[in-house]
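Let's take a look at the pockets of a protein. Here are the sequence and the structure to explore.

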Amino acid sequence: MIRKNKSLIFSLIVAAIMNLIHINIFNTDLTPDFILLALIFWFFKNPNAVSISLFWFVGLVTDIFIGDLLGQYALTYASCYFIAQYSINKIMLNNKYQQLFYIFFIFLSAQIIMLMINVMHDLQYPGLSYFIQSIIAALIWYLLTQSKFFKLER
């Protein structure tokens with residue numbers, strides 16, 4: 001249990017560092033939310049190790065770390081936890097391509113929540129290219145699940 005928690009904490013730190021790297025092509029930020037990717041992975045890998053309080057806490061730390069509106073990431077991550085909790089049985093029983101669809105839906109819903117919060121605070125609508133991050137997150141998920149460690153099995 002302690003070893004798994006060390007892996008969880010290490011992966012969240014690496015994900016936070018990777019979130020600092022912004023890949024901009026044609027004024028479009030293509031960097032997916034690696035922290036959410038790590039949280040969702042650990043939720044599916046070991047649902048007993050992560051809880052909604054961890055999602056909320058990591059979201060608050062991310063808000064402070066990035067300097068955005070306090071609670072923005074916490075609300076988004078907690079909402080993603082609920083979506084993942086609702087669909088975990090459907091995801092785990094499907095093949096990897098169908099799992100990819102659910103993962104894409106979770107990341108898309110996270111981006112929609114973030115977009116709604118940003119638009120309510122008078123920020124501009126970034127356009128449809130904003131949602132490319134969800135596609136990239138699903139592609140990264142697909143690439144990671146090709147290795148033996150990242151396989152999700154029940």
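How many nonpolar, polar and charged residues does the lining of the largest pocket have? The count comes to 14 nonpolar, 13 polar and three charged residues. Keep in mind that this is a predicted model.

## The largest pocket

So how much space are we talking about here? The largest pocket holds about 670 Å³. Its lining is made up of 30 residues. If you want to find the middle of this pocket, look for Asp 29, Tyr 73, Met 114, Tyr 130 and Gln 133, the lining residues that lie nearest its centre.

Helix 1 (2–20), strand 2 (28–29), helix 4 (72–93), helix 5 (96–120) and helix 6 (132–144) each supply at least two residues. Helix 5 is the top contributor to the largest pocket, giving six residues.

## The second largest pocket

Next up is the second largest pocket, with a volume of about 310 Å³. There are 17 residues lining this one, and Ser 11, Ala 15, Ala 38, Leu 144 and Phe 150 sit closest to its centre.

Which elements give two or more residues to this lining? They are helix 1, helix 2 (34–45) and helix 6. Here helix 1 gives the most, with six residues.

Note on methods: Residues are numbered from 1 along each chain as its sequence is written. This is a predicted model: local features need pLDDT of at least 70, side-chain atom pairs count only at pLDDT 80 or more; totals for chains, interfaces and linings use all residues. Side-chain values use heavy atoms; hydrogens and water are left out. On a 1 Å grid over the protein atoms alone, a cavity is a set of points where a 1.4 Å probe fits but cannot get out, and a pocket is an open set with protein on both sides within 12 Å along at least five of seven lines; lining residues have an atom within 4 Å of a point. Grid points are joined across faces, edges and corners, and a volume is the space filled by probe spheres set on the points. Helices (H or I, at least four residues) and strands (E, at least two) are DSSP runs, numbered from the N terminus. Ala, Val, Leu, Ile, Met, Phe, Trp, Tyr, Cys and Pro count as nonpolar, Asp, Glu, Lys and Arg as charged, and the others, Gly among them, as polar.
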